[in-house]
Amino acid sequence: MLKKAGSVSSQNKLLKIGELAEQADVAVGTVRYYETLRLLEPAHRSENGYRYYAPDTIKRLKFIKKAQSLQFSLSEIQQVLGIREQGSAACPIVRDLLNQKITLLEKQIDQMKTLKAELEAYQERWAEHPLDDPDSQELCSLIEQVADKH
């Protein structure tokens with residue numbers, strides 16, 4: 001005989017917040033925070049306020065953690081989950097977001113290479129620079145002679 005959803009037997013399979021957090025290897029506070037962002041939703045809330053989660057919430061939490069490990073923001077993860085909940089495939093937006101991340105990283109790498117070259121040029125220029133006179137008004141002549149970038 002099939003049991004109705006919400007019966008005592010099916011609720012026994014629900015996880016308390018601490019059990020969910022432990023099985024998904026996250027802190028209870030993380031579960032609560034994700035709930036405030038609507039990334040997670042309890043399947044049931046008891047009269048005394050306890051949250052109970054469906055077992056598949058573990059999979060959702062692990063998905064969120066994997067997405068974060070790829071540098072997806074919680075806002076981006078919300079977009080992905082929202083599209084999926086609307087019945088659409090989420091992979092196209094994941095690909096788009098990934099392409100955007102790669103483009104941004106390439107730009108940041110270029111900026112870091114430029115900065116590294118600039119710092120190495122200062123390092124070479126300053127290698128033989130005499131030390132400042134301690135009685136001088138300058139804090140550090142090396143930095144003070146750097147051209148302002150405006």
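Student: Of the contacts in the chain with a separation of 6 or more, what share comes from residues 24 or more positions apart?
Tutor: 44% of them, where contact means heavy atoms within 4.5 Å. Bear in mind that this is a predicted model: local features need pLDDT of at least 70, side-chain atom pairs count only at pLDDT 80 or more, and totals for chains, interfaces and linings use all residues. Residues are numbered from 1 along each chain as its sequence is written, and side-chain values use heavy atoms, with hydrogens and water left out.
Student: OK. What pattern does the chain follow along the sequence?
Tutor: α-β-α-α-β-β-α-α-α-α, counting helices (DSSP H or I, at least four residues) and strands (E, at least two), numbered from the N terminus. The chain is more spread out than a compact globule, because its radius of gyration is 27 Å, well over the 15 Å that the globule rule gives for 150 residues. That radius is taken over C-alpha atoms, and the rule is 2.2 Å times the number of residues to the power 0.38.
Student: And how much of the chain counts as buried?
Tutor: 22% of the 150 residues, buried being under 20% relative accessible area (1.4 Å probe, protein chains only).
Student: Switching to the largest nonpolar core: which residues touch the most other members?
Tutor: Among them are Leu20, Val31 and Leu61, in a core of 23 residues. A nonpolar core is a set of buried Ala, Val, Leu, Ile, Met, Phe, Trp, Tyr and Cys residues joined through side-chain atoms within 4.5 Å.
Student: What does Leu20 touch, then?
Tutor: Leaving out residues up to four places away in sequence, Leu20 touches Leu15, Val31, Tyr53, Thr57, Ile58 and Leu61.

Technical notes. Buried means under 20% relative accessible area, exposed over 50%, partly exposed in between (1.4 Å probe, protein chains only).
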